[in-house]
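Have a look at this structure with me.

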Amino acid sequence: MKKIKAGRQPNRSLAGDIGVAIVLIIFGCFFIFPLVYIINGAFKPLDELFVFPPKLFVRNPTTKNISDLFLLMNKMGNITFIRYAFNSLLITVVGTGGHILVASMAAYVLAKYRFPGSATFFKLVTVALMFTGYVLSIPNYLIMTRLGWIDTHLALIIPAFASPMGLFLMKQFMESSIPDVLIEAAKIDGAKEGRIFFRIIMPLVKPAILTLMIFSIQALWNNIGTTYIYTESLKTLPFALRTLASGGIARTGVSSASQLFMMILPVTCFMLAQSNIVETMASSGIKE
């Protein structure tokens with residue numbers, strides 16, 4: 001009689017594992033191509049930027065594009081590069097923090113409590129996922145005008161709190177990852193709702209929080225904001241960089257350097273939280 005080995009048996013052969021690895025490597029190279037191209041483009045001199053056919057890797061790296069970027073930024077007026085960066089960072093940090101808090105609180109109620117209209121409300125949230133920012137731009141502008149928030153950072157921060165994607169992901173993650181008996185045990189021990197939410201729920205949904213952080217940072221950091229903000233001292237870094245890059249062919253190098261600067265923050269955050277993003281996506285499928 002053959003001895004049955006304990007443990008999980010592999011469901012693929014060695015050749016199958018090698019084939020899967022090769023396919024993943026090919027797709028990985030395909031998706032990393034834009035990232036490599038942007039990084040190399042930021043350090044290419046003008047003659048390499050205009051060479052045809054274009055080369056992926058830089059041959060004679062230079063920092064002239066980056067130095068020209070800061071030089072032109074300082075010549076734009078009284079507003080410095082640091083001011084533009086601070087405005088974008090303020091909008092990104094406050095908007096992301098508010099979005100995570102609001103989405104988590106609303107998701108907790110929808111995932112762990114049943115009240116009249118809860119299912120209908122979540123269906124409306126699911127439908128709202130189909131609407132892009134372009135569709136909502138006019139209603140948002142009218143609302144911000146009525147509230148008197150035009151030409152303030154609040155016009156970009158407050159709408160970010162109500163993104164339906166965050167509520168959807170958090171609600172589905174809480175339903176699949178947090179058992180109801182855990183909350184009931186905390187209540188039996190005398191914990192109040194606020195303590196349960198901040199001391200028990202929030203630490204357990206850390207993967208979902210990091211996922212929302214990535215999505216929110218990407219949206220807010222790249223927001224130009226020209227629809228709502230008109231004062232130069234309140235404008236964002238993407239607006240300033242786009243203005244510099246629109247100076248014609250002579251500023252192609254500056255444009256390449258600006259793309260690198262706009263990419264650093266979202267890519268860094270994604271690399272730090274990529275494992276949590278995969279876990280959240282695997283736990284946040286539609287179950288209703």
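This is a predicted model: local features need pLDDT of at least 70, side-chain atom pairs count only at pLDDT 80 or more; totals for chains, interfaces and linings use all residues.

Residues are numbered from 1 along each chain as its sequence is written, and side-chain values use heavy atoms, with hydrogens and water left out.

Q: Why is S256 called buried?
A: Buried means under 20% relative accessible area, exposed over 50% and partly exposed in between (1.4 Å probe, protein chains only). S256 has a relative accessible area of 12%, so S256 counts as buried.

Q: What does S256 touch, beyond residues up to four places away in sequence?
A: Contact means heavy atoms within 4.5 Å. By that test S256 touches G41, A42 and L49. S256 itself lies in helix α13; helices (H or I, at least four residues) and strands (E, at least two) are DSSP runs, numbered from the N terminus.

Q: What makes a set of grid points a pocket?
A: On a 1 Å grid over the protein atoms alone, a pocket is an open set with protein on both sides within 12 Å along at least five of seven lines, while in a cavity a 1.4 Å probe fits but cannot get out; lining residues have an atom within 4 Å of a point. The largest pocket here has a volume of about 1400 Å³, a volume being the space filled by probe spheres set on points joined across faces, edges and corners. Its lining has 37 residues, and T132, G133, L136, P159 and S163 are the closest to its centre. Helix α6 gives the largest share, six residues.

Q: What makes a group of residues a nonpolar core?
A: It is a set of buried Ala, Val, Leu, Ile, Met, Phe, Trp, Tyr and Cys residues joined through side-chain atoms within 4.5 Å. The largest has 26 residues, with I196 and Y108 among those that touch the most other members. Apart from it lies another core of 18 residues, including F81 and L244.
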